[in-house]
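Open the structure in your viewer and keep the sequence panel beside it. Each stop says what to select and what is there.

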Amino acid sequence: IDQAVGKIVNMLDLQQELENTMIIYIGDNGYFHADRGLADKWYPYEESIRVPLIIFDPRLERERRGLQVDQTVLNIDLAPTIISAAGVPVPETIQGRNLSPLYLAIQNREIPDSQVPPSVDWPEEFFYEHPTITNRDRIPASQAVVNRQMKYVYWSEWEHEQLFDLVADPDEKIDVSRATEYSDQLQYLRQRMQLWKEKVK
């Protein structure tokens, strides 16, 4: 894949079009490969929902290229990003947001590479859902509310919930939904889940 992409980049450079071309490199959902005793990619755990994303955008200063922005973006943000880069208005009905301000605003050298520029209003959480496939014993429905600190997972067909502290436990090995010190976060994310469900109906 690296060689194939390299050939495309080299040809764009030869044609003097590289500095006029946005390149977005993204992977599909991850597979568990027996992590957690699971296969495939159907669940809201990090192994499945995190995917690589690399963007080459010629609008970014050369000396700032290669920076890493530590912010959560979604695959639904790619369409409005591409549309905006093409200079076309993004339809109001489209899901997602143009993510280029996250890195273009960082051209101010006073802002650390990993920090979201203060001028960029970016969502702090997102809602995840996946339907049942075949039946609940094969692939049950799952929903989640995720922010940078916590992840709340709800398995509606089993009426089972999980809570993970993504800061203390980034591998999501410890379900803290029954830990008293997390009761406030649990209640808050339950409420956020209800708000998200109403919003996405």
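The model is predicted.

**Stop 1: the whole chain**

Show the chain as a cartoon. Five helices and six strands make it up. Trace it along the sequence and the pattern reads α-β-α-β-α-α-β-β-β-β-α. The C-alpha trace spans about 55 × 35 × 35 Å along its principal axes. Of the 201 residues, 32% are buried. Contacts between residues at least 6 apart in sequence include 46% that join residues at least 24 apart.

**Stop 2**

Select residues 2–14. This is helix 1, with 13 residues that should span 18 Å at 1.5 Å a residue; the end C-alpha atoms are 18 Å apart, so the two values agree.

**Stop 3: Thr 21**

Move to Thr 21, in the loop between helix 1 and strand 1 (23–26). Is Thr 21 buried or exposed? Its relative accessible area is 19%, so Thr 21 counts as buried; the cut-off is under 20%. Show side chains. That of Thr 21 reaches the backbone oxygen of Glu 17 at 2.6 Å. Beyond its neighbours within four places in sequence, Thr 21 is in contact with Leu 12, Phe 56 and Pro 58.

**Stop 4: Arg 62**

Next, select Arg 62. Look for it in the loop between strand 2 (53–56) and helix 3 (78–85). Arg 62 has 60% relative accessibility, so it counts as exposed. Which side chain does the side chain of Arg 62 meet in a polar contact? That of Glu 19, at 3.5 Å. Then pick Glu 181, 119 residues from Arg 62 along the chain. Their C-alpha atoms are 47 Å apart.

**Stop 5: the largest nonpolar core**

Select Phe 32, Tyr 43, Tyr 45, Phe 126, Tyr 128, Ile 139, Ala 144, Val 146, Val 153, Trp 155, Phe 164 and Leu 166. These 12 residues form the largest nonpolar core. Strands 3, 4 and 5 each supply at least two residues of this core. Apart from it lies another core, of 11 residues, including Tyr 152, Val 176, Met 193 and Trp 196.

Zoom in on Ile 139. Setting aside neighbours within four places in sequence, Ile 139 is in contact with Trp 42, Tyr 43, His 130, Pro 131, Thr 132 and Ile 133.

**Stop 6: helix 5**

Finish with residues 183–200, helix 5. Its 18 residues reach 26 Å from first C-alpha to last, close to the 26 Å expected at 1.5 Å a residue. Colour Leu 186, Leu 189, Met 193 and Trp 196: these are buried. Now look down the helix axis. The buried residues of helix 5 fall within an arc of 85°, so they line one face. An α-helix has 3.6 residues a turn, so residues three or four places apart point the same way.

What do the buried residues of helix 5 pack against? They pack against strand 3 (125–130), strand 4 (142–147), strand 5 (150–155) and strand 6 (160–165).

Note on methods: Residues numbered from 1 in each chain as written. Predicted model: local features only at pLDDT ≥ 70, side-chain atom pairs only at ≥ 80, totals over all residues. Heavy atoms only, no water. Helix = DSSP H or I, 4+ residues; strand = E, 2+ residues; numbered from the N terminus. Expected span 1.5 Å × (residues − 1). Buried < 20%, exposed > 50% of the residue type's maximum accessible area, 1.4 Å probe, protein only. Arc of directions from axis to C-beta. Contact = heavy atoms within 4.5 Å. Polar contact = N/O pair within 3.5 Å; in protein donor to acceptor, adjacent residues only side chain to side chain. Core = buried A, V, L, I, M, F, W, Y, C linked by side-chain atoms within 4.5 Å.
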